[in-house]
Amino acid sequence: VKPWLDRSGRVIWPSSRIAICKIVRSQSFETFMGIVIMLNILLMIFETDADASCYPDYADNVSVCPGRSSEVVWIKVCNILLQVIYTTECLMRAFVEREVYVWNRWNQLDLFTTIPGWVTLAISTQVNLAVFRTLRVVRLLRAGRLLISIPEIYILMSGLASALKPIAFGSVMLLSVIILWAIIVVEFLHPTNVELVYDGCER
């Protein structure tokens with residue numbers, strides 16, 4: 001599908017919009033963004049570990065902890081770089097999709113995670129750690145983009161979604177068999193079992 005063509009096949013978009021559209025809709029771009037998201041998750045592991053190192057020594061006042069993530073220069077630089085990449089992606093997609101941009105669920109997810117990302121960078125040294133953690137968890141939602149960024153993960157999740165119904169019915173069948181045999185055992189074996197003497201058995 002070429003959205004820059006009208007029904008008669010005439011080009012209705014400027015060349016710049018077409019060029020950016022080809023970039024953001026390419027699988028190479030989606031794979032690149034998937035790699036960026038995975039690197040971001042890895043960075044968040046280091047952030048969480050750095051903040052965790054403040055306990056218990058600075059539990060009463062985490063803001064003065066010299067090892068907290070907001071005080072680690074390389075983490076701040078990496079976060080800024082990642083936010084620039086995310087923001088650039090949002091702007092590119094908005095330039096291509098125009099008025100329909102905000103109605104796309106994945107674009108809404110991008111905005112919902114990119115904006116808190118900038119807020120986190122702006123107030124990381126001014127708010128308590130609880131708020132900082134909340135904003136960081138919101139950024140984790142971007143991991144959902146991996147479902148469409150990497151084809152193999154998308155195929156895996158699609159297969160899993162298709163298998164959920166058989167798994168659910170299989171679980172019901174297994175539970176039914178267990179209940180059936182439990183009833184049979186209680187009906188026929190329990191009267192005999194209660195008459196037996198188990199010397200030394202605490203139960």
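**Close-up views of a predicted model**

**View 1. Trp 4 and its neighbours.** Leaving aside residues up to four places away in sequence, Trp 4 touches Arg 10, Val 11, Ile 12, Trp 13, Ile 18, Cys 21 and Lys 22. Keep in mind as you look around that this is a predicted model.

**View 2. The largest nonpolar core.** Trp 4 turns up again here, in a core of 18 residues. Among the residues with the most contacts inside this core are Trp 13, Cys 21, Leu 82 and Tyr 86. Helices α1 (15-24), α2 (27-52) and α3 (73-97) each supply at least two of the core's residues.

View 3. The side chains of Arg 93 and Glu 30 meet at 2.9 Å, N to O, in a salt bridge. Arg 93 lies in helix α3 and Glu 30 in helix α2, so this pair ties together parts that are 63 residues apart in sequence. Glu 89 also forms a salt bridge with Arg 93, with the closest N and O atoms 3.1 Å apart. Through shared partners, Glu 30, Glu 89 and Arg 93 join into one network. Is Glu 89 buried or exposed? At 2% relative accessibility, Glu 89 counts as buried; Arg 93 is buried at 7%, and Glu 30 at 11%.

**View 4. The Arg 10 and Asp 6 pair.** Here a salt bridge joins the two side chains at 3.1 Å, N to O. Arg 10 is exposed, at 57% relative accessibility, whereas Asp 6 is partly exposed, at 22%.

**View 5. A nonpolar patch on the surface.** Its members include Met 173, Trp 181, Val 185 and Phe 188, and the whole patch has about 820 Å² of accessible area. Val 185 lies in helix α7 (residues 151-188) and is partly exposed, at 38% relative accessibility.

Definitions and conventions. Residues numbered from 1 in each chain as written. Predicted model: local features only at pLDDT ≥ 70, side-chain atom pairs only at ≥ 80, totals over all residues. Heavy atoms only, no water. Core = buried A, V, L, I, M, F, W, Y, C linked by side-chain atoms within 4.5 Å. Buried < 20%, exposed > 50% of the residue type's maximum accessible area, 1.4 Å probe, protein only. Helix = DSSP H or I, 4+ residues; strand = E, 2+ residues; numbered from the N terminus. Contact = heavy atoms within 4.5 Å. Patch = residues over 30% accessible without salt bridge, like charges linked within 9 Å, V, L, I, M, F, W, Y side chains within 5 Å. Areas by Shrake-Rupley, 256 points an atom, 1.4 Å probe, with all protein chains shown as cover. Salt bridge = Lys/Arg side-chain N within 4 Å of Asp/Glu carboxyl O.
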